[in-house]
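Hi everyone, thanks for having me.

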Amino acid sequence: MHDLIRDITLCILFAWGVGLAAHFFKQPLILAYLIAGFVIGPFGIGWVKSEESISTISELGLIFMLFMIGLEIDLKKIVRAGRVILFAAGGQLIGGCLLGALFFMAIGLPLGGGHFDALYLCVACALSSTVVIVKVLYEKRELDTLPGRITLGILVLQDIFAILFLAVQPSLADLQVGVILLSIGRVGVLVATALVLSRYVLPHLFHQIARRPELVLLGALAWCFLIGEIAERLHLSREMGSLVAGVSLSTFPYALDVTAKVTTLRDFFITLFFVALGMTIPIPNLSVIGLALIIAAFTVVSRVITTFTPLYLMKQGLRASLLPALNLAQISEFSLVVIQTGIAAGHIRTQTSSAVSFAFVLLAVLSTFAMVRSDRITRLLIGPLKRIGIRDLDHGQAQDADAAVGHGDARRIVILGFFRAASALLSEIERQNASLLEQISVVDFNPNVFKVLAERGQHVIYGDISNVDTLVHAGVGHAEIIILSVPDSLLKGANNEKLVRHVRSINPTAKIISTADLLADVPDIYAAGADYVTVTRLSDAHELYEAINAADQGLLKDKRAEMDAQLAERREVLA
């Protein structure tokens, strides 16, 4: 026990020290934890040598990490997931596993006879890193964009796939239909038990202790370890049980409260897991480095093929098909979990595990840089793809200039970029002066916007508004009123000031109406050539002030009824 406490102390100290360096150099913290573990582990300076300590630290960290992953899997969102996300995730997972199995067997890795290196690698390479992706998309404010939603939807379904693999994994050495059915049956019993208890027992208990944060935290931990122990009794694993415990709580009324209270504890044990994982990584030889590079290259190529293809076939356009493929081009921290279960079961070699860990580190760094520059990379790829005959959604628009959805000259009023403000504007015009819609053109590269507006008979042109050629070919030079309503935080490759300058150079006489995120931006946008600049926060402030007045006068219910009536009349493209 004394050695375990000392080892945990060393883990935390070194993780913090290397983590600070990673923070300053803007690298993933998981990378820092792996390096810290390697440095103090038996293959580094050897300050932590006890296999028992490493195993205990790793198991505790793994249990908590899977519990939190389970908490963040929203079953309701999966049920509501759109057809695009379901088909894209299915194509990516099935295609990735098939390509992986064929590729890794072709390079000589075993798939049977008690050794399943190729199988574990194809599963590991089919999963992407939630930690890396969510962090970068959040910082880029792209979580709520179409490519962002597709990316997150695929990530959730990848987690479900990993759960199913972990359910079958203990029976790989004796993979018979009866054994598989028995494993699935045990998982079914575990899931049913967890769901029944979380539906009919836990709500009453948590309702009683909702005002006692320490009891909420303790109750969540007790639930995690209880379901883990039930899983162990069913000849599954505590790790599997902790994952099911988290999933069963994900639709629980107190799930957000539980997640908030367990997060700090989770971070502590996740740190321990990755530090302990780093301790198991030996000093790489040339064969391990070579295999790691092969795994990394295969992951990137296969992810692009298996993600881009189904999205493109579902008519999402080149941009919305390429961006999720770039976002997902790394190996998941869940992959390391899968590999560790394979090591524990004796299914794969240590060399394979080490290669996956190195590939994870390499791709975590490279994919972060790629995601930050994903829009620039996408623009560079779209041109060559078109030249080799891969068509985008704008194909044929030039030949259909007179159609309702054509590429010919834009109409009298042009909306450049289509997000929520533009959606609300079209709905307002439809409500007050529907005939004006015939005089409006929309230019945007969101395939959903393109499809819905086209179905409604609205003149829409598919294109990237940050590209001057798009504006010229769209006929913006002949428009009388040009509206820029997308905030700078959501524009890709430009901002409102630059767009106004581009538009003014193309059309010196049009009335340009733009928007500003910051008050300080207003003079610059006027200087660029805008005729009028809106600042949405001012109208928001006015609306909130009126709501306060209504509340003071006891008229808030009347104001809400008025708002409900307005909402009922609206038919927006982006709800």
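Let's begin with Cys-224: it counts as buried because its relative accessible area is 1%, and the cut-off for buried is under 20%. Keep in mind that we are looking at a predicted model.

Another cysteine to find is Cys-125. Is Cys-125 buried or exposed? Its relative accessibility is 2%, so Cys-125 is buried.

A disulfide is a covalent bond that joins the sulfur atoms of two cysteines. How many disulfides does a search of the whole structure find? The search comes back with 0. Take Cys-125 again: the nearest cysteine sulfur belongs to Cys-122 and is 8.1 Å away. A disulfide needs the two sulfur atoms within 2.5 Å, so Cys-125 is in no disulfide.

Which residues make the nonpolar patch of about 480 Å²? They are Leu-286, Ile-289, Leu-293, Leu-362 and Leu-366. Two helices, α14 (286-313) and α17 (350-372), each supply at least two residues of this patch. The largest share, 3 residues, comes from α14. Ile-289 lies in helix α14, and with 37% relative accessibility Ile-289 counts as partly exposed, because that class runs between the 20% and 50% cut-offs.

Last stop: helix α24, residues 536-552. This helix has 17 residues and reaches 25 Å from its first C-alpha to its last, close to the 24 Å expected at 1.5 Å a residue. After α24 comes Gly-554, with a positive phi near 70 degrees.

That's my tour, and I'm happy to take questions!

How values were computed: Residues are numbered from 1 along each chain as its sequence is written. This is a predicted model: local features need pLDDT of at least 70, side-chain atom pairs count only at pLDDT 80 or more; totals for chains, interfaces and linings use all residues. Side-chain values use heavy atoms; hydrogens and water are left out. Patches are made of residues with over 30% relative accessible area and no salt bridge: like charges are joined within 9 Å, nonpolar side chains (Val, Leu, Ile, Met, Phe, Trp, Tyr) within 5 Å. Accessible areas come from the Shrake-Rupley method with a 1.4 Å probe; for residues, only the protein chains shown count as cover. A salt bridge is a side-chain nitrogen of Lys or Arg within 4 Å of a carboxyl oxygen of Asp or Glu. Helices (H or I, at least four residues) and strands (E, at least two) are DSSP runs, numbered from the N terminus. Buried means under 20% relative accessible area, exposed over 50%, partly exposed in between (1.4 Å probe, protein chains only). The expected span of a helix is 1.5 Å times one less than its number of residues.
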